[in-house]
Amino acid sequence: MVKTFDDIRKLAKKRGKKVISIAMPESLSILEAVKELKEEGMIDAVLVGDSENIKKLLDDVRLDIDRKNIIHATDPVEAGYLSVQAIKDGAADILMKGRIPTPDLMKAVLDKEKGLRKGNLLSHVAVAEAPNYDRLLIVSDGGINIRPDVEKKIQIIKNAIVLAKSLGIAHPKIGILCPIERVNPKIPETVDAAELVKLTEKGEFGDVSLEGPIAMDVILSEEAAAKKGIESKIAGKTDIIIVHDVTTGNAILKTLIWLVGAKVGGVVLGAKVPIVLLSRSDTKKEKMLSMLLSIVCC
């Protein structure tokens, strides 16, 4: 089982070279991340944006990209559609957001005729390597679905399982995050959690262990579960945390990065290809980790 981002890097190398189509890549940190992975033979890139600015930045970082893979577009909407078209034409395997506004990229992705939809819900799946936890922790959805209902949570869980399986986790342990461990009609996420447990028992998610409602301390610690008198198969061994809303997921990930020093990467699943959506505050390291995840998911 893959337990660190170093392991993910080794796994990505075994996938063979992938091509990433990047919408408006005019960013030193993005191109530096591309350069590092390209030099390791893992990726090449199609760059869609202001060609003159792109060429200047390529010179600055000493990154060699075939000029035929630089597509000129200064309008964000056009850049979004052209970067998606590179996927549809078979010129690229992965889509990545550069400096393009997220709504402009997603407009192209979700276009019924020209986009990358395949009928599934798109969701953001993040992976964190945190100190004092003996495995990678998958968190979803902290990036796309604002406050999903049970039907959407079903697909969010399935997308997270896809990533877990790609990382070699044969039997994912999943916690439906809530503030308490009992159902309370006044706390909607606890009601959803109980419904998801029933669906798990009916085989909706395949070979997994899913528990909920379950609080964060129990998710992360067998000792906490014992002190609370809770019998849990996943306590301290959880692979996937499913959150109730985007604010909770985003807060968990940003806290892990900024207070704990965790390594975090993320990828959007549910489309025809993996999509890398980046935050404006993401560093080169976080961008590269997200690229590695996207390669593993190809």
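Val 260 counts as partly exposed because its relative accessibility is 37%; in this classification, buried means under 20% relative accessible area, exposed over 50%, and partly exposed in between, with a 1.4 Å probe and protein chains only. The model is a predicted one, in which local features need pLDDT of at least 70 and side-chain atom pairs count only at pLDDT 80 or more, while totals for chains, interfaces and linings use all residues. Residues are numbered from 1 along each chain as its sequence is written, and side-chain values use heavy atoms, with hydrogens and water left out. Val 260 is found in helix H10, residues 246-260; helices (H or I, at least four residues) and strands (E, at least two) are DSSP runs numbered from the N terminus. Together with Trp 258 and Leu 259, Val 260 makes a nonpolar surface patch of about 380 Å². Patches are made of residues with over 30% relative accessible area and no salt bridge, like charges being joined within 9 Å and nonpolar side chains (Val, Leu, Ile, Met, Phe, Trp, Tyr) within 5 Å. Accessible areas come from the Shrake-Rupley method with a 1.4 Å probe, and for residues only the protein chains shown count as cover.

The domain assignment divides the chain into domain 1 (5-118 + 271-297) and domain 2 (123-260), with bounds that come from an automatic or database domain assignment. The C-alpha centres of the two domains lie 29 Å apart. In the interface, 10 residues of domain 1 are in contact with 10 residues of domain 2, contact meaning heavy atoms within 4.5 Å. The size of an interface is often given as the accessible area lost when the parts come together. Between domain 1 and domain 2, about 890 Å² is buried, 70% of it on carbon and sulfur atoms; buried area is the accessible area (1.4 Å probe) that two parts lose on being put together, summed over both. The count of salt bridges between domain 1 and domain 2 is 0, a salt bridge being a side-chain nitrogen of Lys or Arg within 4 Å of a carboxyl oxygen of Asp or Glu.

Side chains of opposite charge can pair when their charged atoms come close. By the salt-bridge rule, the count comes to 13. In one of these pairs, the closest N and O atoms of Arg 9 and Glu 36 are 2.9 Å apart. This pair links distant parts of the chain, Arg 9 being in helix H1 (residues 5-14) and Glu 36 in helix H2 (residues 28-39), 27 residues apart. Arg 9 is buried at 17% relative accessibility, whereas Glu 36 is partly exposed at 24%. Lys 13 forms a salt bridge with Glu 40, with the closest N and O atoms 3.3 Å apart. Here too distant parts of the chain are linked: Lys 13 is in helix H1 and Glu 40 in the loop between H2 and strand E2 (43-49), 27 residues apart. Lys 13 has a relative accessible area of 47% and is therefore partly exposed; Glu 40, at 30%, is partly exposed. A salt bridge is also formed by Asp 134 and Arg 135, whose closest N and O atoms are 3.0 Å apart. Salt bridges that share partners join Arg 9, Lys 13, Glu 36, Glu 40 and Lys 284 into one network.

Contacts of individual residues were also examined. Asn 159, in helix H6 (residues 150-166), is buried at 5% relative accessibility. Beyond residues up to four places away in sequence, Asn 159 touches Leu 121, Leu 122, Ser 123, Val 125, Leu 269 and Gly 270. Asp 93 is found in the loop between helix H4 (76-88) and strand E4 (94-97) and is partly exposed at 31% relative accessibility. Asp 93 and Ile 20 are 73 residues apart in sequence, with a C-alpha to C-alpha distance of 6.0 Å.

Most residues other than glycine have a negative phi, and most peptide bonds are trans. Cis peptide bonds join Ser 140 to Asp 141, with omega about 5°, and Gly 212 to Pro 213, with omega about 0°. Met 24, although not a glycine, has a positive phi of about 55°; Met 24 lies in the loop between strand E1 (18-23) and H2 and is buried, with a relative accessible area of 10%. Asn 132 likewise has a positive phi, of about 70°, but is exposed at 85% relative accessibility.
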